[in-house]
Amino acid sequence: MPVFAYTARELSGKLVNGTLEATSEREVAGVLADRSLFPVTVKEQVNPSQGIFGGQKKVKGQTMAVFYSQLASLLRAGVPMIRSLNVLAEQSSDAALKDVVAQIRVKVEDGEPIGDSMARFPKIFSEMACNMVRAGTEGGFLEESLRSLSRFTERSEDLRSRIVGAIAYPAFLVGMGTLQLVAMLV
């Protein structure tokens with residue numbers, strides 16, 4: 001769950017700083033109002049889906065393909081979007097994806113389209129993925145878009161692993177040849 005840093009004013013006018021764990025800025029404002037505090041600023045802090053320097057962590061392509069496929073299956077089965085995102089967030093084994101999906105669910109609950117919510121995480125969801133989801137949402141074929149996206153992601157990951165495998169052996173030979181040449185020259 002995201003952590004928010006806030007600055008608020010007491011009834012006397014004194015500034016108060018602190019942090020709260022909540023699902024959205026709206027929830028933080030509600031908690032502060034219950035404490036008779038008036039929010040001045042509310043900002044989300046760095047969360048577990050982000051790296052050391054504040055950038056988001058990458059999620060493996062195979063994990064993303066499974067995510068797209070499962071979301072498509074849940075939607076095709078008639079499960080509402082918010083419930084589907086909640087189920088996927090609970091069942092995800094990847095901590096970064098789990099946190100991001102939970103944040104997307106909150107944004108979708110607040111009325112933001114899922115494609116726009118996904119676009120907030122450019123290191124996890126590619127621009128193409130966001131655009132396919134937007135097109136599927138607007139055109140009424142979201143499940144098909146997600147299935148296509150899943151197949152595309154699987155194929156691109158398969159191709160990437162084949163390319164890395166094809167380059168590894170020649171790179172090893174070049175490295176060993178260079179070491180032998182250096183050893184002979186010395």
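Reader: Do helices H2 and H7 cross in a left-handed or a right-handed way?

Author: Heads-up: this is a predicted model, where local features need pLDDT of at least 70 and side-chain atom pairs count only at pLDDT 80 or more, while totals for chains, interfaces and linings use all residues. Residues are numbered from 1 along each chain as its sequence is written, and side-chain values use heavy atoms, leaving out hydrogens and water. A crossing is left-handed if the near helix is turned anticlockwise from the far one by less than a right angle, and right-handed if clockwise. For H2 and H7, the crossing is left-handed.

Reader: How are H2 and H7 oriented to each other?

Author: Their axes (lines fitted to C-alpha atoms over the stretch in contact, with angles from 0 to 180 degrees between N-to-C directions) come within 8 Å and cross at roughly 160°. Angles under 35 degrees count as roughly parallel, over 145 as roughly antiparallel, 65 to 115 as roughly perpendicular and the rest as oblique. So H2 and H7 are roughly antiparallel.

Reader: Is Ser150 buried or exposed?

Author: Ser150 is found in helix H7, residues 142-185. Leaving aside residues up to four places away in sequence, Ser150 touches Ala65, Tyr68 and Ser69 (contact means heavy atoms within 4.5 Å). Buried means under 20% relative accessible area, exposed over 50% and partly exposed in between, with a 1.4 Å probe and protein chains only. At 6%, Ser150 is therefore buried.

Reader: How do H2 and H3 lie relative to each other?

Author: H2 (residues 61-76) packs on H3 (residues 81-91) with the axes 10 Å apart and an angle of about 140°. On the H2 side the contact uses Phe67, Gln70, Leu71, Leu74 and Leu75, and these meet Met81, Ser84, Leu85, Val87 and Leu88 in H3. By orientation, H2 and H3 are therefore oblique.

Reader: Which residue in S2 is the bridge partner of Ala5?

Author: Strands S1 (residues 3-9) and S2 (residues 15-21) pair in the antiparallel sense over seven bridges; pairing takes at least two DSSP bridges. The hairpin has five residues between the strands, and Gly13 there takes a positive phi near 100°. Across in S2, Ala5 bridges to Thr19.

Reader: What phi does Ser36 have?

Author: Ser36 sits in the loop between helix H1 (25-34) and strand S3 (38-44). Its relative accessibility is 37%, so Ser36 counts as partly exposed. Most residues other than glycine have a negative phi. Ser36 is not a glycine, yet its phi is positive, at about 60°.

Terms used
Helices (H or I, at least four residues) and strands (E, at least two) are DSSP runs, numbered from the N terminus.
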